[in-house]
Amino acid sequence: MSNQLLSGIIALGAGGLLGILLFVPFVARVYRRRGRLTAGMFLLWSAALVYFWAIWTYTLLPLPDGPIEYCAGAILNPMDAVHDVQKAIGEGGNVLLSAAVLQLALNVLLFVPLGFFIRALAGRGIVLATTVGFAVSLFIELTQLTGVWGIYACAYRFFDVSDLITNTAGAFMGAVIGLVIPARLRGGKELPGADQPRPVTRGRRLLAMVCDALSFWVIGAGAAVVMQLAFSLFSGGRPTEQQTLISSTVANLLPLVIWTVLILATGRSVGDHSVQLAYRGAGKEFPARVLRLLSGISGAALLALVPGAGELLSGAFWVVTFVLTFTTDGRGLPGLLMGRPLVDAREPDSLRAGPRSGNRPGFAQ
């Protein structure tokens, strides 16, 4: 497997894992700052997340497997890259495909997304985006020069001043390209009307279910990892079978406890809170809150604990929940059992407690 391919896989894997961990907080923030989550916004932030890891993996990996056989020096003359291009021109052939030209172009292109994301997602100006590009490039070059800040005896890659120049130029170009994004859509500023209620769609309901499932899994898996590490640390070896069982039990019960407390207190799950949904009146009546608890992911988790047929029952529960989300007016199994419509949580209390009505069909978020 080539180093470039390996670096790409690492970037996608690390970016995907971080994306899972940050997905629910990201959705919750977007709904409160922007009012809704669009497909374009989601794809743009996802690309930025993968790029964040890609820029490090492609510039720092592969790390040396053992002691460094030679120490790379520093190229302090910024004209060396120009001389390499001139040499390629003198040699004839397709200059655009020469190593010198490709290296120069790739160094520029590598930092174009950085400038664009700082401009489009952070809402910052061209000067700051260019400055950040220079600072990131300098940090990478110094990391290479110092052997990852002293981990290795000496530099395993060249410190190249021309890389600083081309990287900074790329960040500047990316920031200029970011001007195509309308000013009102740049950055994470709160948009006017973000706190106004919006139609409840099936897509939004499905997004709430995804947030519930992801956060439920992250909490459980995180608890299991922490406990396994603690057992390994204190026992000085591999966790015993009994310790592993304890970790598994905590991983199953901790999310259930959190969902139980949250829903019985508010009538809404983590997913409901994330995308600003609520079942009309469920937060004010205890029986409705119990039904909301049992008809969501908590119910599926409880069924999964049934000895023998737990996985089958939980799987059937998910199938029914998914089907009812499409065959009802979007309120799904919880709304059907409670006999209550699903509404935007940003509606005034007087409207949320008003007459029961259906939801608008559709898939827009």
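The legends below describe close-up views of a predicted model.

Residues are numbered from 1 along each chain as its sequence is written, and side-chain values use heavy atoms, with hydrogens and water left out. Because the model is predicted, local features need pLDDT of at least 70 and side-chain atom pairs count only at pLDDT 80 or more, whereas totals for chains, interfaces and linings use all residues.

**View 1. The largest pocket and its lining.** About 1100 Å³ of space lies in this pocket (an open set of points on a 1 Å grid over the protein atoms alone, with protein on both sides within 12 Å along at least five of seven lines; lining residues have an atom within 4 Å of a point). Of its 41 lining residues, Phe26, Met41, Leu44, Trp45 and Leu121 lie nearest the centre. Helix 2 (39-60) contributes the largest share, 13 residues, and the lining divides into 28 nonpolar, eight polar and five charged residues.

**View 2. The largest cavity.** A search of the whole structure finds one cavity of 30 Å³ or more (a set of grid points where a 1.4 Å probe fits but cannot get out), and about 70 Å³ of space lies in the largest cavity. Its lining comprises Arg205, Met209, Asp212, Arg292, Gly296, Ile297, Trp318 and Thr321; helix 8 gives the most, with three residues, while helix 8 (202-235) and helix 13 (310-327) each supply at least two.

**View 3. Confidence along the chain.** The mean pLDDT (the predictor's confidence in each residue, from 0 to 100) is 83 for the chain, and 86% of its residues reach 70 or more. Over residues 354-365 the pLDDT is below 50, yet beyond near neighbours in sequence this stretch has 35 contacts in the model (heavy atoms within 4.5 Å).

Conventions:
Grid points are joined across faces, edges and corners, and a volume is the space filled by probe spheres set on the points. Helices (H or I, at least four residues) and strands (E, at least two) are DSSP runs, numbered from the N terminus. Ala, Val, Leu, Ile, Met, Phe, Trp, Tyr, Cys and Pro count as nonpolar, Asp, Glu, Lys and Arg as charged, and the others, Gly among them, as polar.
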